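Look over the sequence and the 3D view, then try each task before you read its solution.

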Amino acid sequence: MRIVLHEQNCKQKCKSTPLFLTFAMVKPTVVDKLGEILKHIVASQFHIANIKMVRLSQEEATDLYRDKEESNIAYIVNYLTSGPIVALELLGDHAITRWQEAMGPEDPREAVAKAPSSLRACYGKDNIHNAVYGSDNEETAEKELQFFFPNPKSGKKGPANTATLENCTCCIIKPHVVQAKLIGNIIDDVQKAGYTISAVQQFFVNLFDAEEFLEVYKGVLPDYAAMVGELQSGPCIVMEIKHKEEKHDVQGEFRKLCGPMDPDIARQVRPDTLRAKYGKTKVQNAVHCSDLPEDGILEVEYFFKILDSS
């Protein structure tokens, strides 16, 4: 079993123009605002080329900041290891300088005064708890992207994913939605509905794995082959979904949020659901969600334990 991992084609394409790529981080205290922040990023004309939620160890965080000229490294390391972070690879014209502008000044108070619509002005608290981080030059960007998203050919693995594999369900944002740059919209809707995203990662699924994952629908749904084709047509975003209330029927209720499989029907009977808002056809219906309670953990495990470790 294997996965066609991110070959970072955009890096090869942009090798002569490295300023097209930068690294960005969503810090622990604003991970619950991830959807809003991703929407801001897309509105700032960036393409999200990769995404992964990780929880840094003290050693990893220290190594990441080893070359930084900061007087409060210990405080920064303690903060970055206090909860999950979301690592992002951003693609766009003059990505490094434009991401710095989108973030705003490091001090949120200064950001409020000088760049009131910036991310740090909107979500930051102080110089350390300032919502987001970005590489400040080309060399740093390359190093940080390799740290979190190492080239598969290097044999290295980045920080581990944050999947808990308990009391959860699986949600896959399908390739057509990723290509339409609507992942922030869906994640925002999920978070505003009271759900917690405890793991998120981009996957490129090959034909073998797509067929295996969707095998339960073979001979059951006439669109099985088309579903396989959609899942392997481009990058998809896989999430482990939990709820703030432990007794919540996370699988059953999340399925209701996704809505009927056919977006046309969803728009008629459940217009506020994810498939009604972002789906196009029964195959390109925005999201996949676990059908049965026992499927939730198994599907999360398939991606975050089996495919991510292969």
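Buried means under 20% relative accessible area, exposed over 50%, and partly exposed in between, using a 1.4 Å probe and protein chains only. Helices (H or I, at least four residues) and strands (E, at least two) are DSSP runs, numbered from the N terminus. This is a predicted model, where local features need pLDDT of at least 70, side-chain atom pairs count only at pLDDT 80 or more, and totals for chains, interfaces and linings use all residues. Residues are numbered from 1 along each chain as its sequence is written, and side-chain values use heavy atoms, with hydrogens and water left out.

**Exercise 1.** Work out how many residues of helix α10 are buried.

*Solution.* Start with the range, residues 183–192. Eight of these 10 residues are buried, so α10 is largely enclosed by the rest of the structure. Among them are Ile183, Asp188 and Gln191. Now step just past α10: glycine 194 has a positive phi of about 95°.

**Exercise 2.** Describe the setting of strand β6.

*Solution.* Take residues 195–203: eight of the nine are buried, so β6 is largely enclosed too. Next, find its neighbour. Two strands pair if DSSP finds at least two bridges between them. Eight bridges join β6 to the antiparallel strand β7 (residues 236–243).
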